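This report concerns the aromatic pairs of one protein and the residues around them. Please consult the sequence and the structure shown below.

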Amino acid sequence: MASSHSLFAASAFVSGPLLNKSLHSNLNRFVWPPPKFELRALALYNTRNGFSTSSSAVATGSSSETLVSDQNETLEQKTPPEKTDTSEKIVLPTNESSEKLLRIRHTCAHVMAMAVQKLFPDAKVTIGPWIESGFYYDFDMEPLTDRDLKKIKKEMDRIIGRDLPLVREEVSRDEAQRRITALNEPYKLEILENIKEEPITIYHIGEEWWDLCAGPHVETTGKINRRAVELESVAGAYWRGDEKKPMLQRIYGTAWESEEQLKAYLHFKEEAKRRDHRRLGQDLDLFSIQNEAGGGLVFWHPKGAIIRNVIEDLWRKIHIERAYDLLYTPHVAKADLWRISGHLDFYRENMYDQMNIEEEFYQLRPMNCPYHILIYKRKLHSYQDFPIRVAELGTVYRYELSGSLHGLFRVRGFTQDDAHIFCLSDQIKDEIRGVLDLTEEILLQFGFSKYEVNLSTRPEKYVGNDDIWEKATYALKDALDDKGWSYQIDEGGGAFYGPKIDLKIEDALGRKWQYINFINLLSSRAAELFIILVDFNLPQRFDITYVDSNSEKKRPIMIHRAVLGSLERFFGVLIEHYAGDFPLWLSPIQARVLPVTDSQLEYCNEVANKLRSNGIRAEVCHGERLPKLIRNAETQKIPLMAVVGAKELETHTVTVRSRFGGDPGTMTVDDFISRTKSAIESRTSF
């Protein structure tokens, strides 16, 4: 599993910005981000799934400790024109693959801080790490404008042009405190208090500016290509992620090794921005988050609800075929249940306040696992009953700070794709292999065919005995080997209660979707990952048992499994993966019937009714001239249009236009229905 870096000032915590999303045919020029240390492009047209030049997903890199509220959150409503670019593909490096890039980005953070304090002498500095796409720095100062960013960039260019050396100095703690006090930098004093190592390291830029830092940096500012650096945005960030502490000005920047890399990255941003699920959700009328109801609570509009229903139906069908029992469980439970599960002890901050009902305290559920265990415990089980597989699309509620909410990707209420398998220790391998097959089957349906897989092993602190850990870990490994998937081993990266497999799916922009680097199934982020985890903890906490062949009580193995994560987040991924251009089988409206004049309206309604009676999602639109009706259908990304004029009315036909397949021409209604149903069933274009 790729590691994240945060060497800045020993106490710094890193929170990446929301990677704003973006553009179409420039994808053949570059690819971002990398599978590991390589970057590759995915084909944008997948015949099997019937989708066009669309698609992507956005990973938020911000730490759960840092509260960020973007002051420039307003989304552009205009789609940039498509361009054709046949230039050579550019492979963008990462901090992990290029130490040179990492040094450039860390140095740029310092250069930016120096520039800010030259232009705004009263600004107080805090922390400034590198991040996935560049760097940022937080300042306690008056709000900044876009004009200020331009001034800061010009000053950075001057500093870079002076080719000033970066010099490392070691000082005592007392000396560092003396210097910081002389500069009147209160945040640096707090950072110094959290640095435990001795001596304290300082980096100077020439003889004009310095900062507490552990490095690394380039030798001189002249090693930075100023044409490969850009300041991107300003956001608000609470100091230490605490909303009770001062709101700081966070300046985000990006830096690359060359100007060509910067241009490629900016093209990627434009494509990602074009695909932003929040904008597309509004433009296509798929979902909303209503301020009157509260932040982080999703309203599924009719079109979005249709797609959700298609997803759920597919999910149920596959689970029933694979011998899962489907469950529905309550949204609340007595608080004692969450005390047994461990939530109240360790994750109370992510749970809503308890409700006093008839002198008993109840809690909105943050997780489904305890409910499934209670269903298991309703009767005594024999070893012959195993494996027992249960699954639920269960809505859970998690408290998130308002500044961390982000469209469908960070919400307060979501429906979790949650399943649990109770089995014997010698059944683990076969059950894990079954989960891998199920995962592949579901994800392939939606056009996801590339994964990065990690197997995380026993950490230093753990529950359960060594034998069962070893057996479970080997079972996970053997299942992956049987499946033929390549994977990385993350030594010691498992949860304290069991080893795990997690997947990063790759979207149409080549971005990896791993919702969080580490998962704890008691934590508030558990629903946000494609994960398989063997759990030795909850069976012990709830004292679940079975009777073995010798009539002795034993404890079963419990496997947690999430494929889609939360439906809300997965829907956001789908919107961006397809850029709102859903394939025919998944599109909320599959066919729109368009009359040339209102004299054909009655026949159009008859056609639409016949389509709907054959399971095709259809509607009639009229009241505008035909060119406008066609443009509206294109804007709304309707896969099929059935145009009806006087000739079609006379011959009882329709003239079909396909968004993905050109103009098939005029055909009978029955032929149109037959071809449409065939394309839907085969997951292809018309």
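Phe582 is buried, at 2% relative accessibility (buried means under 20% relative accessible area, exposed over 50%, partly exposed in between, with a 1.4 Å probe and protein chains only). The model is predicted, so that local features need pLDDT of at least 70, side-chain atom pairs count only at pLDDT 80 or more, and totals for chains, interfaces and linings use all residues. Residues are numbered from 1 along each chain as its sequence is written, and side-chain values use heavy atoms, with hydrogens and water left out.

A search of the whole structure gives 19 aromatic pairs; rings of Phe, Tyr and Trp (its six-membered ring) pair if their centres lie within 6.5 Å, and planes under 30 degrees apart count as stacked, over 60 as edge-to-face and the rest as tilted. Two of these pairs are tabulated.

| Pair | Type | Centre to centre | Angle between planes |
|---|---|---|---|
| Tyr136 and Tyr252 | edge-to-face | 5.7 Å | 75° |
| Phe571 and Phe582 | stacked | 6.5 Å | 10° |

Phe571 belongs to helix α14 (residues 567-577), while Phe582 is in the loop between α14 and β28 (591-595). Helices (H or I, at least four residues) and strands (E, at least two) are DSSP runs, numbered from the N terminus. Phe571 is likewise buried, at 1%. Ring pairs join Trp300, Phe571, Tyr578 and Phe582 into a cluster.

Tyr136 is buried, with a relative accessible area of 0%. The charged end of Arg250 sits over the Tyr136 ring, 3.9 Å from its centre (NZ of Lys or CZ of Arg within 6 Å of the ring centre and within 35 degrees of the ring normal).
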